Each structure stands twice: as C-alpha cells, then as structure tokens.
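Thanks for coming, everyone. I'll take it piece by piece.

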Amino acid sequence: MKILVPLNSEECLEEYIQAGADELYMGFYDEAWFEKFGRYADINRMSGFKGRANRYNFQEMLHLAQRTKQLGKSAFVTMNANCYSREQIEYVKEHYFPDLKQVGIDGLICSDIHMMREASKAGLPTVASTMCAIYNEDIARYYYEAGTRRMIVPRDLSLEEIADICRAFPDVEYEAFFMRNGCVFADCYCLGMHRKECGATCAFIRNHPKETITGRKTFDEMQEINRNDYLYDEAFHRETCGMCALYRMKEMGIRSLKIVGRSDQHKAVCEDIRLVRKNIEIANKASCEEEYLHSMIFPSNAKKKCLSGLSCYYPEVRFKKNKRS
C-alpha cells in the first residue's frame, strides 16, 4: 500500500518522503488562465484559495513534479474543477499537456470525461477524481472503458461498497480517503466553489450564524434540533481518520491511502504520514483483522476523535456494522 499526500511547498518534499510518503499530488495556478477565462474559472478544486493551496505557477509546479520523480516517488497533478468548457479543454491541451507529458507525471487527476479522453490521446495517464462520483460498478465501468486505470473512490462509501467495485475491476489502482479533512457533502455533487473570500461552502454553512425556524418549538423538539446542530457543526468529519479500516483495505486491494489537506500545517501532515506508515507495517505482519486492531497505533487524539464515530471515514469497523445506515 502506498501513502499519497498533498504537496504545496518544495521545502516539505524531502520531509514528507522521509516520513514515509510514496506519492505526492499537487496543483498550480496560472495568471494567463485567469486573464483569459476569468477569476471564477477554476483550474482545480482549490484554485479559489490561490497561493494558499496552489503555491506555484505551472512552470514551478513542473519543477516540483520533476524533483519528486528524481527522488523516486510518484507525482500526480490535479485538474479536478467542477467543470470545464470546450475552450478551456483546448487551452489545457495546448498549454499544459505537452509539458506534463515531458516531465512524465504518473497521473492527471481529472474530473471531466472529455479532459480524460484528450489526456489519454496525448499519452498522459489519467486518474478519475472523486468528482467523478464512482459510487458503484456501473459508474466505474464508464471510466474504465474510457481508459482510466486509477480511480479515487468517494469518501462517503462504505468498505463493502468499495470492495464491490474493487472486485469488479481488479486491474484498476484504487485510491481511498484515509486521513485528515473530511467533508459533510459528497464532493461530486457539491457545485460550490472553494474561495478565499468565503472558504468552502460546507465551512460557510458550518460557521455562519444560524437561526432555527420550525413550525413548532417544543422543548423536546428544540433539544433534538440543537443536539443535531452541535454534532454537525462541531464534531462530524472535523478531522477524519480511517486507521481502523487499514487491514480491510489491504485485503481488498486498495493501492493508495490518501492524506488530504493542501492547506494544512506540514508538521501535522508528517505526523499522519508516520502513523500510517507504522500501521501499514503492522497490517502487513498481522494474520487477521482482529490481530491488526489489537496491535494498531491510534492517533494521538484518539479519545476525542474515535469514541463517537463522527470522525470515522469508515465507522463500520469500529462499530461492527457491515453497512452504513
């Protein structure tokens, strides 16, 4: 199993690798793109955060990808905005594809089937982004037949649902969300933008002052509403973890465990990388899931993070359920 991490600073590259990272994904910004298509035309899902999430321009990002390859690790580039026009795809083909191919990136993370097809024609390997909504075997087949051999499964799938897809297409490399930033929405169905002005849509809804409006406001009703709001705003997917599911993911053939957070502190990302690496080693030595769970190393804030299950990517392992309700 590989560990995939976001890279937003060249200074962090060797530190991430020393911590145990195998694969790195990165984005970029391009002023020429924004001048041509406007400030709200994203290159990737994090374009709205500008330098905070995409620190480097295209040429600088190419250097970073090349350096990653020289160090013997895999480099992936994000092209996973909500949508692209035909004109934008033509621009990408002309201005980005040739250099990406020359560097030899290991995958272009795409959200658009037309972008994927054009990338394949240009000789670039593609990755089906979580924006592609690969929720079942039929959707996976659609991208498989388009030539994609690496897919990111949505973070709100159960392990059983992921296993069904893995069995259907065993020659695909699967990437699964594993540590750090969760989301209260499904990426593929969220048409909100990540913008520096207001943050992400989910964060805006969580943090904006609210007024509860109901037809009736009985004591019991308000108690339940307030309880639900507190859990949703303060606890659900605040800092998410899939550590308990590692052994099962190994058995089903997940290729890459994804640590997210292009805007997060690099020390926190390094801590997660080291922890995941140690638990991969434990899982490889374990003869069964029970042995792994008995021996695994928990996150440092496990009591806060784990007990309720609200920060679990895959709560069915800890809470002994096969499917999510």
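Start at Thr-68. Setting aside neighbours within four places in sequence, Thr-68 is in contact with Leu-7, Leu-13, Leu-24, Met-26, Lys-73, Ser-74 and Ala-75. One caution before I go on: this is a predicted model.

Where does Thr-68 lie? In helix H3, residues 58-70. Is Thr-68 buried or exposed? Its relative accessible area is 0%, and buried means under 20%, so Thr-68 is buried. Its side chain also has a polar partner. A polar atom of the Thr-68 side chain lies 2.8 Å from the backbone oxygen of Leu-64. Now look at Leu-24, one of the contacts I listed. Thr-68 and Leu-24 are 44 residues apart along the chain. Their C-alpha atoms are separated by 7.7 Å.

Let me step back to the whole chain. The protein chain has 325 residues, and 53% of them count as buried. There are 15 helices and nine strands. Take the contacts with a separation of 6 or more. Of those, 69% are between residues 24 or more positions apart. The pair Thr-68 and Leu-24 has a separation of that kind, at 44 residues.

Next, Pro-6. Pro-6 sits in strand S1, residues 2-6. Its relative accessibility is 2%, so Pro-6 counts as buried. Pro-6 is 21 residues from Gly-27 in sequence. In space, the two are 8.9 Å apart, C-alpha to C-alpha.

Now helix H7, residues 137-145. Which residues of H7 are buried? Ala-140, Tyr-143 and Tyr-144. Seen down the axis of H7, those buried residues fall within an arc of 105 degrees, so they line one face of the helix. Here is the background. An α-helix has 3.6 residues a turn, so residues three or four places apart point the same way.

What covers the buried residues of H7? The cover includes helix H6 (113-121), strand S5 (126-128), strand S6 (150-153) and helix H8 (159-168). On the face of H7 turned away from its buried side, you find the exposed residues Asp-138 and Glu-145.

Check both ends of H7. At the N-terminal end, Asn-136 is the cap. A side-chain oxygen of Asn-136 lies 3.1 Å from the backbone nitrogen of Asp-138. After H7 comes Gly-147, with a positive phi near 105 degrees.

Stay in that region for Ala-133. Ala-133 is in the loop between S5 and H7. Ala-133 is not a glycine, yet its phi is positive, about 60 degrees. The relative accessible area of Ala-133 is 9%, so this residue is buried.

What touches Ala-133? Tyr-189 does. Not counting residues up to four places away in sequence, Tyr-189 touches Ala-133 and Tyr-135. Tyr-189 is in the loop between strand S7 (173-180) and helix H9 (201-207). Is Tyr-189 buried or exposed? At 60% relative accessibility, Tyr-189 counts as exposed. Its C-alpha atom is 7.7 Å from that of Met-131, a residue 58 positions away along the chain.

Last stop, helix H6. That helix is part of the cover over H7. Glu-118 is in H6. Glu-118 is a charged residue, and its relative accessibility is 19%. The cut-off for buried is under 20%, so Glu-118 counts as buried. Beyond its neighbours within four places in sequence, Glu-118 is in contact with Ile-89, Lys-93 and Phe-97.

That's my tour. Questions, please.

Conventions: Residues numbered from 1 in each chain as written. Predicted model: local features only at pLDDT ≥ 70, side-chain atom pairs only at ≥ 80, totals over all residues. Heavy atoms only, no water. Buried < 20%, exposed > 50% of the residue type's maximum accessible area, 1.4 Å probe, protein only. Helix = DSSP H or I, 4+ residues; strand = E, 2+ residues; numbered from the N terminus. Arc of directions from axis to C-beta. Contact = heavy atoms within 4.5 Å. Polar contact = N/O pair within 3.5 Å; in protein donor to acceptor, adjacent residues only side chain to side chain.
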